[in-house]
Amino acid sequence: MINNTEIFLNVNISKNELSFFVYEFLKKKTIYTKNFNFSIGYENENEDNLRNTILDIEKKFNLRVNKINLMIERDYSTSIDLTFKKNFENKNIEKKSVQFLIQDLRIQLIKNNPDKKFVHILIKKCLADSEEFYNIPIGIKCRNLIIETSFIYLSKDFIKNFESLLSKNQIEINKIICANYAKSLLDVEFDELSVAGMKVINTSNLNEVHILPKEVTKPGYFERLFNIFS
């Protein structure tokens with residue numbers, strides 16, 4: 001039985017194509033790939049293809065598929081770029097202060113954009129007074145800290161369609177990934193899409209912020225908000 005695997009379902013919107021990938025940790029490569037077309041309005045056909053592929057994976061590798069990473073690929077990425085400023089009064093930049101600021105910013109975005117699912121938060125650049133950084137300069141003294149962020153989002157309704165499709169097969173979505181962003185992390189341009197997905201799961205980009213559910217507000221949870229601070 002292979003239990004050191006991650007399973008990805010990539011939805012290529014422009015090509016109307018679904019792709020399954022099974023990635024094995026030990027071999028560090030994709031050990032299974034299957035593609036088929038999907039069509040809006042043909043849910044029964046889509047469901048049959050999905051179910052047959054899952055059964056094929058379970059039979060080939062003697063495993064139970066109950067979680068899948070959903071990747072969504074399109075011709076372009078969609079994001080909201082925001083810049084905010086914090087006055088530190090010439091004191092050290094504190095981890096919790098920045099955490100709360102970005103979490104508050106995200107909550108406001110969710111409230112104002114109910115149709116969008118924010119799946120990645122990126123730190124693009126920071127200015128501590130006049131000094132430029134490409135990560136959060138924790139511990140540095142400054143008067144003003146300016147942070148440029150990018151919130152990558154996907155259509156919430158589109159995601160719900162696939163959540164429903166997968167739930168009919170008793171499968172949960174482990175992580176939702178923007179495939180366009182994942183591809184930007186690849187060292188080799190024509191590398192496998194599952195490798196890109198693994199880079200997101202393994203938090204290869206230190207400037208990506210971990211997203212918390214919007215209802216979580218207890219301060220203790222913020223310690224797990226950013227891998228960038230660890």
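A nonpolar core is a set of buried Ala, Val, Leu, Ile, Met, Phe, Trp, Tyr and Cys residues joined through side-chain atoms within 4.5 Å. Buried means under 20% relative accessible area, exposed over 50%, and partly exposed in between, with a 1.4 Å probe and protein chains only.

This is a predicted model: local features need pLDDT of at least 70, side-chain atom pairs count only at pLDDT 80 or more, and totals for chains, interfaces and linings use all residues. Residues are numbered from 1 along each chain as its sequence is written, and side-chain values use heavy atoms, leaving out hydrogens and water.

**Cores**

The largest nonpolar core holds 45 residues. Within it, I7, L9, F20, I57, V65, I68 and F162 touch the most other members. Contact means heavy atoms within 4.5 Å. Leaving aside residues up to four places away in sequence, F162 touches L9, V11, L18, F38 and L70.

**Sheet**

Helices (H or I, at least four residues) and strands (E, at least two) are DSSP runs, numbered from the N terminus. Two strands pair if DSSP finds at least two bridges between them. Five strands form an open sheet, in the order β3-β2-β1-β4-β9, with mixed pairing. β3 (29-37) and β9 (172-178) are the edge strands; each has a single partner strand, so one side of each lacks a neighbour in the sheet. From one strand to the next, the twist averages 20°.

| Strands | Sense | Bridges | A bridge pair |
|---|---|---|---|
| β1 and β2 | antiparallel | eight bridges | N12 and E17 |
| β1 and β4 | parallel | five bridges | N12 and E73 |
| β4 and β9 | parallel | five bridges | K67 and E172 |

Axes are lines fitted to C-alpha atoms, for helices over the stretch in contact, and angles run from 0 to 180 degrees between N-to-C directions. Helix α1 (residues 43-61) lies across β1, β2 and β3, and runs at about 160° to β3. Helix α3 (residues 156-167) also packs on the sheet. α3 touches β1, β2, β4 (67-73) and β9, and its direction makes about 150° with that of β4.

**Strand β4 and I68**

Six of the seven residues of β4 are buried. I68 is found in this strand. How accessible is I68? Its relative accessible area is 0%, so I68 is buried. Beyond residues up to four places away in sequence, I68 touches I7, F8, L9, F20, L166, I171, E172, I173, N174 and K175. I68 and I176 are 108 residues apart in sequence, yet 9.1 Å apart in space, C-alpha to C-alpha.
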